[in-house]
Amino acid sequence: MGTLRDLQYALQEKIEELRQRDALIDELELELDQKDELIQKLQNELDKYRSVIRPATQQAQQQSAGTLQGEQRTKRQAISAEPTAFDIQDLSHVTLPFYPKSPQSKELIKEAILDNDFMKNLELSQIQEIVDCMYPVEYGKDSCIIKEGDVGSLVYVMEG
């Protein structure tokens, strides 16, 4: 059996080994979190591409099936138009509301707009106006804000 000094030295070595292992675990957990974020980002991108490709593929399949059966059917995917109920002169006097927000929130909203297939082609000034007009709304946990297939006139950007 060793002396007290030998035992204290061995204990210090074990404590240092534990510290090194804890540091390694912390590094690996950080790396894992970063990879999880990357996976989530890539999954979101994949979902976006699938949402564009599937309808186009389905439409092509339906058209080819319809052609085989002697029927040609066209299906509208989306409709977008300028408002017709207003005169342009009336709109020139409209003042849009402005809601102050942090630079991080502004950037999040701008990125969400640029990721949206229908809104990404807007002019930068139009995107800036939308960003300025958006305002925060809080919902309780498990609240249903909007579900797929709903007709809507609002744009939501989740910040979490």
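K101 sits in the loop that links α2 (88–91) to α3 (103–115), with helices taken as DSSP runs of H or I at least four residues long and numbered from the N terminus. The model is a predicted one, so local features need pLDDT of at least 70 and side-chain atom pairs count only at pLDDT 80 or more, while totals for chains, interfaces and linings use all residues. Residues are numbered from 1 along each chain as its sequence is written, and side-chain values use heavy atoms, with hydrogens and water left out.

What does a buried lysine do with its charge? K101 is buried but has no salt bridge. Buried here means under 20% relative accessible area, with a 1.4 Å probe and protein chains only; a salt bridge needs a side-chain nitrogen of Lys or Arg within 4 Å of a carboxyl oxygen of Asp or Glu. The nearest side chain of opposite charge belongs to D132, 5.3 Å away. Instead, the K101 side chain reaches backbone oxygens: that of Y99 at 2.6 Å and that of M134 at 3.0 Å.

Setting aside neighbours within four places in sequence, K101 touches K106, I109, V131, D132 and M134, where contact means heavy atoms within 4.5 Å. Two of these names turn up again in α4 (124–133): V131 and D132 are buried there, along with I127 and C133. The buried residues of α4 pack against α3.

Further along, in the segment after α4, comes D142. D142 has a positive phi of about 65°, even though it is not a glycine. At 74% relative accessibility, D142 counts as exposed, the cut-off for that being over 50%.

Key. Helix = DSSP H or I, 4+ residues; strand = E, 2+ residues; numbered from the N terminus. Lys, Arg positive; Asp, Glu negative; His and termini not counted. Polar contact = N/O pair within 3.5 Å; in protein donor to acceptor, adjacent residues only side chain to side chain.
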